[in-house]
Amino acid sequence: MLDWNIEYLANEDLLYIKTCGVMTTEYANAMLAEIVEAAKRHCCARQLVDHRETKFGFSMIEYYERPRVNQKIGMEYTWRVAMVFHALTEETLFFETVFQNRGYTLRQFADIDEAKKWVLT
């Protein structure tokens with residue numbers, strides 16, 4: 001099970017997404033649909049996604065296919081996305097590389113302050 005909360009921080013023009021639990025493709029798809037809606041509602045292209053309390057249940061092929069799946073759901077190339085993980089691993093590096101190779105502005109971080117600084121620049 002995965003819980004998530006999407007909050008718009010108006011003073012920073014930033015969506016802050018906090019997740020907790022086990023991320024599967026089904027949860028990722030549902031969460032992204034809500035993020036797309038929030039991004040449109042607030043005209044906000046910057047996101048700080050806090051996955052520090054989340055475990056990922058993706059296979060390598062699911063990581064590889066995420067950019068295509070996310071695009072179909074509504075992820076925009078104009079978005080600037082900082083993802084924060086408890087620890088950076090081969091999987092998170094692969095995830096970041098796949099998105100960057102497909103033209104997305106997405107970076108991974110282990111430090112939330114560094115992530116926020118990057119996404120706000």
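Hi everyone, let me start inside the protein: α1 (25–42), β3, α2 (60–73), β4 and α3 each supply at least two residues of the lining of the largest cavity. Helices here are DSSP runs of H or I with at least four residues, strands are runs of E with at least two, and both are numbered from the N terminus.

A quick word on what we are looking at. This is a predicted model, where local features need pLDDT of at least 70, side-chain atom pairs count only at pLDDT 80 or more, and totals for chains, interfaces and linings use all residues. Residues are numbered from 1 along each chain as its sequence is written, and side-chain values use heavy atoms, with hydrogens and water left out.

Back to that cavity. Its volume is about 220 Å³. Lining it are 19 residues, and the closest to its centre are Met-31, Leu-32, Asn-70, Met-83 and Phe-95. By class, the lining has 15 nonpolar, three polar and one charged residues. Here Ala, Val, Leu, Ile, Met, Phe, Trp, Tyr, Cys and Pro count as nonpolar, Asp, Glu, Lys and Arg as charged, and the others, Gly among them, as polar.

How do we define these spaces? On a 1 Å grid over the protein atoms alone, a cavity is a set of points where a 1.4 Å probe fits but cannot get out; a pocket is an open set with protein on both sides within 12 Å along at least five of seven lines; and lining residues have an atom within 4 Å of a point. Grid points are joined across faces, edges and corners, and a volume is the space filled by probe spheres set on the points.

Now the largest pocket, which holds about 320 Å³ of space. It is lined by 15 residues, with Thr-54, Lys-55, Phe-56, Ala-87 and Thr-89 the closest to its centre. Which strand gives the most to this lining? That is β3, with six residues. The lining divides into six nonpolar, five polar and four charged residues.

Staying with strand β3, we find Glu-53 there. Glu-53 is partly exposed, at a relative accessible area of 47%; with a 1.4 Å probe and protein chains only, buried means under 20%, exposed over 50%, and partly exposed in between. The side chains of Glu-53 and Lys-18 are joined by a polar contact of 3.4 Å, meaning a pair of N or O atoms within 3.5 Å; within protein, one must be able to donate a hydrogen and the other to accept it, and residues adjacent in sequence count only if both atoms are side-chain atoms.

Over in helix α1 we have Thr-25. Is Thr-25 buried or exposed? Thr-25 is buried, with a relative accessible area of 16%. Its side chain makes a polar contact of 3.5 Å with the side chain of Glu-26. Leaving out residues up to four places away in sequence, Thr-25 touches Phe-58, Glu-62 and Arg-66, where contact means heavy atoms within 4.5 Å.

Last stop, helix α4 (residues 112–119), whose buried residues are Ile-112, Ala-115, Trp-118 and Val-119. They sit on the same side of α4 because they cover an arc of only 125 degrees around the axis, taken from the directions from the helix axis to the C-beta atoms. On the other side, Asp-113, Glu-114 and Lys-117 are exposed. The cover over the buried residues includes β2 (14–23), β3 (46–56), β4 (80–84) and β5 (105–109).
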